[in-house]
Amino acid sequence: MARINTELRRKPCCAVLDTGEQRYLIDAGLMDLSDRYPAGSLAGIFLTHFHVEHVQGLFHLRWGKGRQMSVYCPNDSKGCADLYKHPGILQFYKLHKLKPITLGKLTITPLPLIHSKPTLGYLFEYEQQRIAYLTDTAGLPDKTRHWLQQHKPHIIVLDCSHPPRDNPPRNHNDLNLALGIHNTLQPYQTVLTHISDEMDTWAMDNPDALPPEVKLARDGMAISV
Ligand SMILES: [Zn+2]
Ligand SMILES: [Zn+2]
């Protein structure tokens, strides 16, 4: 469908978290990061995991001329290709599950997810506003679900790669798993991401399938907490 309707084309995984004071990237799938974000314009990068479509932008960014760039990431001994061996300006900081870190007024809790590589979701908290970013995952580990039930994110950005399937997929949410998480956590809004072409097509054929608090992400979409 995305070949016919170019509006449905989706670029690799990459989001910006803008606190008004600092800007951070969440994942680095775009290949033109140094054009979009000149040296000094990013305070750091949070990686969910080292699958290539989430980190490939770092392969160019690492040879930039600016000061060091902090990259917060899961404790994955393999990483991706030679990023650890030749990090250039990148400084990797391995995060511990459910051990929050603080950067200025921003508190970040790394949340373990269920995926084929070590993967972290993140709960970002800034002046009582909380947004959880949860991709790539198939369901949620109990620990992560409990943490989120206690900390109640206002907005959740959530993996929904697949339309509803008879058997739950193992690496990504289908819509059944995603709506189950939404119903358990009951945020004000859930934004579905990591959408496949199949999921986009299914959603167009089933326009009433999503409750009003749940919407599909689009490239370039902005969300205010
Ligand atoms: Zn992945
Ligand atoms: Zn992915």
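Student: Why does Gly 121 count as buried?

Tutor: A residue is called buried if 20 or more other C-beta atoms lie within 10 Å of its own, exposed if 12 or fewer, and partly exposed in between, with C-beta atoms placed from the backbone. Gly 121 has 29 C-beta neighbours inside 10 Å, so it counts as buried.

Tutor: A word on the ground rules: this is a predicted model, where local features need pLDDT of at least 70 and side-chain atom pairs count only at pLDDT 80 or more, while totals for chains, interfaces and linings use all residues. Residues are numbered from 1 along each chain as its sequence is written, and chains are lettered from A and ligands numbered from 1 in the order in which they are written.

Student: Where does Gly 121 lie, and which residues does it touch?

Tutor: Gly 121 lies in strand E8. Helices (H or I, at least four residues) and strands (E, at least two) are DSSP runs numbered from the N terminus. Touching, or being in contact, means that the C-beta atoms of two residues, placed from the backbone, lie within 7 Å. Leaving out residues up to four places away in sequence, Gly 121 touches Thr 48, Leu 111, Leu 113, Ala 132, Tyr 133, Leu 134, Thr 137 and Thr 144.

Student: What makes Ile 195 count as buried?

Tutor: Ile 195 has 20 C-beta neighbours inside 10 Å, and therefore counts as buried. It sits in the loop between strand E11 (189-193) and helix H6 (197-205). Among the residues it touches are Arg 10, Cys 160 and Leu 216.

Student: What makes E8 and E9 a pair?

Tutor: Two strands pair if DSSP finds at least two bridges between them. E8 and E9 have 5 bridges, in the antiparallel sense, so they pass that test. Tyr 126 stands opposite Gln 129 in E9.

Student: And what sheet do they belong to?

Tutor: An open sheet of 7 strands with mixed pairing, in the order E6-E7-E8-E9-E10-E11-E12.

Student: Why are E6 and E12 called edge strands?

Tutor: Strand E6 (101-103) and strand E12 (214-216) each pair on one side only.

Student: What about the other sheet, the one with E1 and E2?

Tutor: That open sheet has 5 strands in the order E1-E2-E3-E4-E5, again with mixed pairing. Its edge strands are strand E1 (15-18) and strand E5 (90-94). E1 and strand E2 (residues 23-26) share 4 bridges in the antiparallel sense. Ala 15 has Ile 26 as its bridge partner in E2, and Val 16 stands opposite Leu 25. E1 and E2 form a hairpin with 4 residues between them, and Gly 20 in the turn has a positive phi of about 95°.

Student: How many domains is the protein divided into, and how far apart are their centres?

Tutor: There are domain 1 (9-94) and domain 2 (97-216), with bounds that come from an automatic or database domain assignment. Their C-alpha centres lie 21 Å apart. Across the boundary, 15 residues of domain 1 are in contact with 16 residues of domain 2.

Student: Last one: what makes a set of residues a nonpolar core?

Tutor: The members must be buried Ala, Val, Leu, Ile, Met, Phe, Trp, Tyr or Cys residues joined through C-beta atoms within 7 Å. The largest such core has 51 residues, and those with the most contacts inside it are Ala 28, Ile 45, Leu 47, Tyr 122, Leu 158 and Ala 178. H5 gives the largest share, 5 residues. This core draws at least three residues from each of domain 1 and domain 2.
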